[in-house]
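Please look over the chain shown below before reading on.

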Amino acid sequence: QVQLQASGPGLMKPSQTLSLTCTVSGGSITTNYYYWTWIRQPPGKGLEWMGAMSYGGGTYYSPSLKSRTSISSDTSKNQITLQLISVTPEDTAVYYCAKDQGSTNEYDYWGQGTQVTVSS
C-alpha cells in the first residue's frame with residue numbers, strides 16, 4: 001500500500017524559507033489520477049489545504065498562500081517538496097502530505113505529519 005513520510009526542520013526563524021519533503025512508497029507519484037497534497041493544521045485550529053501537485057505535474061495553491069508557496073517533485077525519488085518562503089509565527093503548524101485519489105479532496109493516505117514551529 002501507499003505510504004507517505006514527511007520530513008523537514010522542526011524549528012524555523014521568521015523570514016526563513018521552509019522546505020518539506022514527502023517521500024512516497026508503494027506507488028508512483030505519476031500514477032493516474034492521483035494528486036499529492038500539502039495540508040497543515042495550526043495548533044487548536046482546523047486543517048488548511050495549502051496546495052497540491054497532480055500526477056501530471058500540474059500545481060495548485062491556496063489563494064492565501066500562493067504568493068509564497070511552491071510545490072515541486074522529483075519523480076526519480078518519488079518525492080514531493082513544499083517550499084514556503086518568509087515564514088512567520090502564524091505558519092507554526094503540523095504539516096501533512098496526503099494522497100488524493102483524483103482531485104476529490106478526500107485523502108486515503110496521509111503522512112505522519114511533521115511539526116514546524118516558527119519562533120524568533
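The chain holds 0 helices and 11 strands, where helices (H or I, at least four residues) and strands (E, at least two) are DSSP runs numbered from the N terminus. This is a predicted model, in which local features need pLDDT of at least 70 and side-chain atom pairs count only at pLDDT 80 or more, while totals for chains, interfaces and linings use all residues. Residues are numbered from 1 along each chain as its sequence is written, and side-chain values use heavy atoms, with hydrogens and water left out.

Along the principal axes, the C-alpha atoms fill a box of roughly 40 × 30 × 25 Å. Buried residues, meaning those under 20% relative accessible area with a 1.4 Å probe and protein chains only, make up 41% of the 120 residues.

An open sheet of 4 strands runs in the order β1-β3-β8-β7 with antiparallel pairing, and two strands count as paired if DSSP finds at least two bridges between them. β1 and β7 (69-74) stand at the edges, each with a single partner strand, so one side of each has no neighbour in the sheet. Two of the pairings are set out here.

| Strands | Sense | Bridges | Bridge partners, including |
|---|---|---|---|
| β1 (residues 3-7) and β3 (residues 18-25) | antiparallel | 5 bridges | Gln 5 and Thr 23 |
| β3 and β8 (residues 79-84) | antiparallel | 6 bridges | Ser 19 and Gln 83 |

Ala 6 also has a bridge partner in β3, namely Cys 22.

The largest nonpolar core has 26 residues, of which Leu 18, Trp 36, Trp 38, Ile 80 and Tyr 95 touch the most other members; such a core is a set of buried Ala, Val, Leu, Ile, Met, Phe, Trp, Tyr and Cys residues joined through side-chain atoms within 4.5 Å. β1, β3, β4 (35-41), β5 (48-54), β8, β9 (93-100) and β11 (114-118) each supply at least two residues of this core, and β3 gives the most to it, with 4 residues. Leaving aside neighbours within four places in sequence, Tyr 95 is in contact (heavy atoms within 4.5 Å) with residues that include Ala 6, Leu 18, Leu 82 and Val 116.

How values were computed. Buried < 20%, exposed > 50% of the residue type's maximum accessible area, 1.4 Å probe, protein only.
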